[in-house]
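Dear colleague,

I am handing over the structure we spoke about, together with some notes on what was found in it. Please look through the model first and then read on.

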Amino acid sequence: MSDRPAGASARRAGIDPRGPRFAAGVTALLLLVDVFLGLTTPLGATVAERALDPAFLLLLAIALLFLWSVVSPRTAPWAALYRALVQPRLKHAPDLEDPRPPRFAQGVGLFVVTIGLILHLVGVPWALPIAAAAAFVAAFLNAVFGLCLGCQLYLLLQRAGIVGHERPAAA
């Protein structure tokens, strides 16, 4: 089972698989900090206090980074940092990968942290650190072991025919 695109032209259009792993490592670190901040959030705070909570603000920043990676993956901060500082110091990537699964995975991360942010604002106890912890686990697995849970979900949905098909041009 391979999630790499077929054909030489598809490989040229792919991405260096080490880039998303680098981004996952940085994201995992930020999410770990957020989990600990979220565990110190006092229960029974007002909506305004919850919105100004450092854990909320950090997770909001992480959500915006996820959104940036979905909307414009090439200009996202971690991708740009990887290309400018890390990639030039590495050997050329032997195989490039389809960029759609990692982009989808960023969308899954955005969904998870957004749910945590919303539930936190409405006062659901522990929603924020639980959402941050779930996203942390996924980012950690990707960064350390190369196991991208969002990418695996994408491939599963692709096999089911739900995602990954070219859309016809608008008439």
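**Helix packing and a pocket**

α4 and helix α6 (residues 100-121) pack with their axes 8 Å apart and at an angle of about 150°, where helices are DSSP runs of H or I with at least four residues, numbered from the N terminus, and axes are lines fitted to C-alpha atoms over the stretch in contact, with angles running from 0 to 180 degrees between N-to-C directions. This is a predicted model, in which local features need pLDDT of at least 70 and side-chain atom pairs count only at pLDDT 80 or more, while totals for chains, interfaces and linings use all residues. Residues are numbered from 1 along each chain as its sequence is written, and side-chain values use heavy atoms, with hydrogens and water left out.

α4 and α6 are therefore roughly antiparallel to each other, a label for angles over 145 degrees. The crossing of α4 over α6 is left-handed, meaning that the near helix is turned anticlockwise from the far one by less than a right angle. Among the residues of α4 that take part in this contact are F56, L59, F66 and V71, and on the α6 side they include R103, L110, H120 and L121, with contact meaning heavy atoms within 4.5 Å. These contact residues divide into twelve nonpolar, five polar and one charged, where Ala, Val, Leu, Ile, Met, Phe, Trp, Tyr, Cys and Pro count as nonpolar, Asp, Glu, Lys and Arg as charged, and the others, Gly among them, as polar.

Helix α2 (residues 18-39) also packs with helix α4 (residues 54-71), their axes coming within 8 Å and crossing at roughly 155°, and α2 and α4 are therefore roughly antiparallel. α2 passes α4 in a left-handed crossing.

What is the handedness of the crossing of α2 and α7? That crossing is left-handed, and the axes of α2 and α7 come within 7 Å and cross at roughly 150°. By class, the contact of α2 with α7 has 18 nonpolar, three polar and two charged residues.

Finally, the second largest pocket has a volume of about 160 Å³, a volume being the space filled by probe spheres set on grid points joined across faces, edges and corners. On a 1 Å grid over the protein atoms alone, where a 1.4 Å probe is used, a pocket is an open set of points with protein on both sides within 12 Å along at least five of seven lines, and lining residues have an atom within 4 Å of a point. The lining has 15 residues, of which P42, L43, V124, P125 and W126 lie nearest the pocket's centre.

How values were computed
Helices (H or I, at least four residues) and strands (E, at least two) are DSSP runs, numbered from the N terminus. Angles under 35 degrees count as roughly parallel, over 145 as roughly antiparallel, 65 to 115 as roughly perpendicular and the rest as oblique.
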